[in-house]
Amino acid sequence: MVSLHRSCGPDFRIRKYLLYFYNLKGCMLPQLLISPHADFWRIVARHVGAGQQAGGQQQIIVPTFAHAQCLKQALMAASDGPRLLPPIHTLDAWLALQFALDLPASSQRLMHLFAELRQHAWLKHLFGSSDALDLLPLANTLLTLFDELSAALLPGVDQEAGASASRWQQALAQLSLPARQLLSEEAQLVWTLWQAQLDANDPGFVRHVALQRLAAQAACPLLWIHPVAADPMQQAFLQAWARQQPVRVVALDWCGPAIHPLYTKAWPELVQDAGPDPASVADHAEPFDPASAQLPTLCPASSLEQEAQRGAQCILQWLAVGRQRIALVAQDRVVARRIRALLERAQVLVADETGWKLSTTRAAAALAAWFDVLASSADVIALLDLFKSPFVYSHWSGKAEWLMQLEMILRRQNVAGGWKAVLAALPERFHNKPLVEAQALAQQFAGRKTLAQWFELNNQVLDQLGLKAALAQDLAGQQVLALFADIADANQNNSAHFQFAEWQACVSLEMEARPFVSENSDQRVVMLPLNGARLRRFDAVLMVGCDAAGLPSPAPEILFFANAVRRELGLVTREQRQQQQLRDFCEIVVSGAELVLSWQQFKNGEPNACCPWIERLQLVLARAGLPPLGTRQFDLPGARLQQQMATPPQPSAPALLPAKLSASGYQTFMGCPYAFFARQMLRLSQDDLFSDLP
């Protein structure tokens, strides 16, 4: 392995010291700082082993289950024989093991807040809305803000009464006078609503109390491993544990000497606590040797399809040479999806950790088609889409023939929609029982009902249309049914009444928020987001979408919440998000894995600039008189095919020849004899098109 700094030995990668890591009460926590490189978990395992030899058990907290596997593998590799591993948990899993947390479901919180918001007509005017239904996305956004405020301010409330309100006013005081006048009503609204809903059922409050109870039961030392700084609620937990038992924090060392000078010159904001002028750190860095730095390889493409094809070919070549741990970092999800499809065509399965929305599955599309039928009062296109779903009447053997006849009749009579018009257009002998059943169910979706009543009615639809049995046999369908059951159970006691459109919007938001979890035992190729690669080691990494728009990825502003207010309240700011993204990117660069960065040089016919981080790295190399980053072209392998002339068919049916031809028929014969044979001789025609003209 190449050292990060040629003039320093392996011990340079680790720094142990005490500092004021958390400032709630000024308690000092010892830290083990490890520079980001491939030996991170080996060093942690060595440290854990030394602690076990010294005697005593310790509890280890890691960010995710993937990191727990990394640590377990490192511990087993470091041991000479079988050993008893210390307990390793994630914080949420540990809480779930210790306490039965009764957290309200997201749908329960969402609909409760929405029911409160729609009672105030001035809110619609405040946010420029003409419909109460528009307040549902607002309620969803407010819940995100509430969770951020709870995590940031609840520990301060415990320390000092009224500290939250004073910090809020101090944050508003930092704004200019016009901005304060512009934001005062909205900011006060968020503050008032957050305080009003902050009770014993608030998830942030429940989590904070559970963490403090867990810390009060501390019976062994705690080893906290995390690549990013803990939030205030986690800080309060660590402080409380430290008052009972020793706590040691293992984190990444982002100080200047721990990072190769090449990267501190290109990305000075990497350096932790660099002061108001981080560039001064890079200006005084010592000369560097490019041979000691891990450099990525570039793979520019001219189009989306070319980027996907080259990315798939790159991964196939890595697999061919024996790479068993390959990461596909999806900065551009469209390209990543296309690469996944190309790899599956080559019989290579991809373990998707990014997840895609449950609403994009075929199972959810069947429910969406039924909702469209209800919302449009049986629009013909929506009605046909419903019955074309493979989940509707899936066990009816005559469905295909019946559906073809139904569509042909409706197209020929140009029925626009409406239950009466659809049923009136059908002949007497036509089997219209499925339509009658759907009409009877649709008539019940009227008026205002509680959420429990809506879900009970929806269950009748699933049973009568044969959806439930078909969904139960599909993986995505099982998750859709589980989602309905979870929402229904969480809202049993909600007595508020909602219209169909409001209930449908609630279901749609929950489907958008819940990811679809697929089953895949092949873990050679893993698709994940940039932050999902933290503290994980791969043999090779392909990152797609490395253009100026995708890296760093822009963080959407939440309503009116100004960045200055977020900074003063201790919430994550735009600069902190981008700095963390840069550190995640740099961690992959220095991890020792072969890294290929891909992007499209042209989009919509216009030049598309690559990521500014790459440009800055190229600039540092050029100023030092060094060659630029290398490029690779993963062209598709060619194949020699034997030429074989095709013999066109020569249909002959003199008995079908028409006795006379119109001018248009003769023109068809001269233009395309095959079209003439199909239309004039076989009497085939296209389906009639629906038209909204009278």
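I began with W503, which is buried at a relative accessible area of 0% (buried means under 20%, with a 1.4 Å probe and protein chains only). I note that the model is predicted, that local features need pLDDT of at least 70 and side-chain atom pairs 80 or more, and that totals for chains, interfaces and linings use all residues. Residues are numbered from 1 along each chain as its sequence is written, and side-chain values use heavy atoms, without hydrogens and water.

I next looked up the aromatic pairs, of which the structure holds 23 (ring centres of Phe, Tyr or the six-membered ring of Trp within 6.5 Å; planes under 30 degrees apart are stacked, over 60 edge-to-face, the rest tilted). The ring centres of F371 and F500 are 6.1 Å apart with planes at 70°, so I recorded this pair as edge-to-face. F371 belongs to helix 15 and F500 to helix 23 (residues 500-513), so the pair ties together parts 129 residues apart in sequence (helices are DSSP runs of H or I, at least four residues, numbered from the N terminus). I found both F371 and F500 to be buried. The rings of F500 and W503 have centres 6.2 Å apart and planes at 40°, so this pair is tilted. One aromatic cluster includes F371, F484, F500 and W503.

I then examined the charged end of K449, which sits over the ring of W454, 4.6 Å from its centre (the criterion is NZ of Lys or CZ of Arg within 6 Å of the ring centre and within 35 degrees of the ring normal).

Notes:
Helix = DSSP H or I, 4+ residues; strand = E, 2+ residues; numbered from the N terminus. Buried < 20%, exposed > 50% of the residue type's maximum accessible area, 1.4 Å probe, protein only.
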